[in-house]
Amino acid sequence: MAAQATLHCLTGCAIGEVLGMVIGTALGWGNAPTTVLAIALAFFFGYSLTLRGVLRAGLGFRAALRVALAADTVSIAVMELIDNGVIVLWPDAMDAELADALFWTSLVLSLVIAFVVTTPVNKWMIGRGKGHAVVHAHHH
């Protein structure tokens, strides 16, 4: 269940992260605003995926939003910390352009590393009835 929860988180984070990096890089923004955009979009898409499922289960918007925030905040934060940390520490990755293999390689590998690190965090949270365990309580 932890791997599935992390994959769910990774999907939202990857959509937001890639979209943010592509937009910022294409517009010629600096590293800081591009990274902030990517992180904001990762949280937005991560929460949106959970919100969609919980709304479909019949919760009202406000209750569904609380569930999404409770289920995903720690997972997305850890994923983003690791993902962006890898890119920052990877030599020249922050300066890579869209057409550079380094841009895509560092982005993909940073997400893979983030998945590996975040899975035990989600396992720990689920074992304590937190994180995605909150979402599973609303599945029928």
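Biologist: What should the 27 residues of α4 span, and how far apart are its end C-alpha atoms?
Modeller: Keep in mind this is a predicted model. At 1.5 Å a residue, α4 should span 39 Å, and its end C-alpha atoms are 39 Å apart, so the two agree.

Biologist: Where does α4 bend?
Modeller: At Thr-118, by about 30°. A proline, Pro-120, comes along within four residues after that.

Biologist: And what follows α4?
Modeller: Gly-129 does, and its phi is positive, near 75°.

Biologist: OK, switching to α3. How many residues does α3 have, and how far does it reach?
Modeller: α3 has 29 residues and reaches 39 Å from first C-alpha to last, close to the expected 42 Å. There's also a kink of about 45° in α3, centred on Asp-72.

Biologist: At what angle do the axes of α3 and α4 cross?
Modeller: Roughly 150°, and the axes come within 8 Å. The crossing is right-handed.

Biologist: Which residues make that contact?
Modeller: From α3 they include Val-74, Val-78, Ile-82 and Asp-83, and from α4 they include Leu-107, Leu-111, Ala-114 and Thr-118.

Biologist: How do the contact residues divide into nonpolar, polar and charged?
Modeller: There are 14 nonpolar, five polar and one charged.

Biologist: Which residues of α4 are buried?
Modeller: Among them are Phe-103, Leu-107, Leu-111, Ala-114 and Thr-118.

Biologist: Why do residues three or four places apart point the same way?
Modeller: An α-helix has 3.6 residues a turn, so residues with that spacing face the same way.

Definitions and conventions:
Residues are numbered from 1 along each chain as its sequence is written. This is a predicted model: local features need pLDDT of at least 70, side-chain atom pairs count only at pLDDT 80 or more; totals for chains, interfaces and linings use all residues. Side-chain values use heavy atoms; hydrogens and water are left out. Axes are lines fitted to C-alpha atoms, for helices over the stretch in contact, and angles run from 0 to 180 degrees between N-to-C directions. Helices (H or I, at least four residues) and strands (E, at least two) are DSSP runs, numbered from the N terminus. A crossing is left-handed if the near helix is turned anticlockwise from the far one by less than a right angle, and right-handed if clockwise. Contact means heavy atoms within 4.5 Å. Ala, Val, Leu, Ile, Met, Phe, Trp, Tyr, Cys and Pro count as nonpolar, Asp, Glu, Lys and Arg as charged, and the others, Gly among them, as polar. The expected span of a helix is 1.5 Å times one less than its number of residues. The bend at a residue is the angle between axes fitted to the seven residues ending there and the seven starting there. Buried means under 20% relative accessible area, exposed over 50%, partly exposed in between (1.4 Å probe, protein chains only).
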